[in-house]
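Biologist: Hi! Could you walk me through how the helices pack in this one?

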Amino acid sequence: AVTVSTPPPGTGTTARREAADRAQRESAAVADAKRLVAENRAAAAKKLLLPLAVPGAGREVRKQLLETAVLTKDYRLAVEQGDLLAPFREGEEVSMFYVSVGLYETGRKAEARALAERCVAKLRSSAYLDYYAKRILGGP
């Protein structure tokens with residue numbers, strides 16, 4: 001006799017479907033959060049993203065939450081996200097910069113400087129970037 005067993009929940013097709021659903025929700029939330037940040041509504045963006053920042057959350061959710069944390073001056077949350085994102089990849093200089101701001105503002109100035117040295121030269125100049133680059137890296 002042949003018996004057919006059903007895989008336990010969280011395995012096989014069900015797990016793939018759940019992962020795809022989560023990825024779709026995260027992608028939509030990140031897009032909404034970016035729009036909110038562009039509208040100078042970083043606090044609303046942070047509120048949208050916080051429930052998604054659970055173990056296993058996608059990298060884009062963490063990077064966007066990192067940005068909104070810095071923009072809302074929640075520097076401890078920014079550093080937490082940076083710790084979860086590290087090591088940083090090529091092309092993630094903006095996130096490195098936001099973590100360096102969080103580190104600086106929480107008193108971890110040597111770590112902030114080391115990270116800023118890796119990313120600042122690769123970023124486009126802005127008043128915000130220039131202000132923090134001067135504070136973190138020193139100089140004129």
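This is a predicted model: local features need pLDDT of at least 70, side-chain atom pairs count only at pLDDT 80 or more; totals for chains, interfaces and linings use all residues.

Biologist: At what angle do helix 5 and helix 6 pack?
Modeller: About 160 degrees, with their axes 8 Å apart; axes are lines fitted to C-alpha atoms, for helices over the stretch in contact, and angles run from 0 to 180 degrees between N-to-C directions. Helices are DSSP runs (H or I, at least four residues), numbered from the N terminus. The two are therefore roughly antiparallel, a label for angles over 145 degrees.

Biologist: And which residues in helix 5 meet helix 6?
Modeller: Glu-93, Met-96, Phe-97, Val-99, Ser-100, Leu-103 and Tyr-104, where contact means heavy atoms within 4.5 Å.

Biologist: New topic: which residues touch the most other members of the largest nonpolar core?
Modeller: Leu-66, Val-70, Phe-97, Val-101, Tyr-132 and Ile-136, out of 33 residues. Such a core is a set of buried (under 20% relative accessible area, 1.4 Å probe, protein chains only) Ala, Val, Leu, Ile, Met, Phe, Trp, Tyr and Cys residues joined through side-chain atoms within 4.5 Å.

Biologist: Which helix gives the largest share of this core?
Modeller: Helix 5, with 7 residues.

Biologist: What does Leu-66 touch?
Modeller: Leaving out residues up to four places away in sequence, Leu-66 touches Ala-78, Gln-81, Leu-85, Ser-95, Tyr-98 and Val-99.

Key
Residues are numbered from 1 along each chain as its sequence is written. Side-chain values use heavy atoms; hydrogens and water are left out. Angles under 35 degrees count as roughly parallel, over 145 as roughly antiparallel, 65 to 115 as roughly perpendicular and the rest as oblique. Buried means under 20% relative accessible area, exposed over 50%, partly exposed in between (1.4 Å probe, protein chains only).
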